[in-house]
Amino acid sequence: MKYWFFAVAHFWLAIQISTADTRPNIILFLCDDLRADALGCTGHPWALTPNIDQLAAQGTVIENAFATTAICVTSRCNILTGQHAAKTGWRFGEFKGMTLTEQELRRTYLSKLKLEGYRVGYVGKWHVGNVPDAFFDDNYAFEGQGQFLSAPDAEHLTSQLANHAENV
């Protein structure tokens, strides 16, 4: 059985419930260039991914998902808005200087979840214009690719993002 994960680098989206109730917590992980069988839980014979495997075993794994446009920023915008690139205009090389408007942000599934009382956080690459600070309860979004090591003794970007995600 194959499982599909969305793809976009170091982009972790964590959504948590602000009050204790029966609604599920929702965490959406997106990572660049990840094949459908690249994790232990998806059948890779030697990939060691115990934490992701445990999350997959306890949660829901999307088994049949497709990217309509396999460019990270375009896919990210498509996932946030639920719209194709032809509708949003976010196509490779054609979005410089663009940003999601306040109206477009209000139509995202994140906004809908926030209106339903979910706590919404974002960790990692944003790439769809200006990062809307007030939009997220916890905001660790950044523009650009980020630096894996900003100084010789610095913590690796992967660890930084993981720490932020744990705190969301």
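Me: To begin, is Asp138 buried or exposed?

Reply: Asp138 is buried, with a relative accessible area of 11%. Buried means under 20% relative accessible area, exposed over 50%, and partly exposed in between (1.4 Å probe, protein chains only). Please note that this is a predicted model, in which local features need pLDDT of at least 70 and side-chain atom pairs count only at pLDDT 80 or more, while totals for chains, interfaces and linings use all residues. Residues are numbered from 1 along each chain as its sequence is written, and side-chain values use heavy atoms, with hydrogens and water left out.

Me: Which residue forms a salt bridge with Asp138?

Reply: Arg119 does, and the closest N and O atoms are 2.7 Å apart. A salt bridge here is a side-chain nitrogen of Lys or Arg within 4 Å of a carboxyl oxygen of Asp or Glu. Arg119 lies in strand β3 and Asp138 in strand β4, so the pair ties together parts that are 19 residues apart in sequence. Helices (H or I, at least four residues) and strands (E, at least two) are DSSP runs, numbered from the N terminus. Arg119 is partly exposed, at 33%.

Me: How many salt bridges are there in the whole structure?

Reply: The search finds three. One of them joins Glu102 and Arg106, with the closest N and O atoms 3.3 Å apart. Both residues lie in helix α4, four residues apart, which is about one turn of the helix. Glu102 is exposed at 60% relative accessibility, whereas Arg106 is partly exposed at 45%. Another joins Lys114 and Asp137, at 3.7 Å between the closest N and O atoms. This pair links distant parts of the chain, with Lys114 in helix α5 and Asp137 in the loop between β3 and β4.

Me: Now the core. Which residues touch the most other members of the largest nonpolar core?

Reply: Of its 14 residues, these are Leu80, Trp90, Leu100, Leu110, Trp126, Val128 and Phe136. The largest share of this core, three residues, comes from α2. A nonpolar core is a set of buried Ala, Val, Leu, Ile, Met, Phe, Trp, Tyr and Cys residues joined through side-chain atoms within 4.5 Å.

Me: How many residues of α2 are buried?

Reply: Eight of its 10 residues are buried, including Val73, Cys77 and Leu80.

Me: What does Leu80 touch?

Reply: Leaving aside residues up to four places away in sequence, Leu80 touches Leu100, Thr108, Tyr109, Leu110, Trp126 and Val128. Contact means heavy atoms within 4.5 Å.
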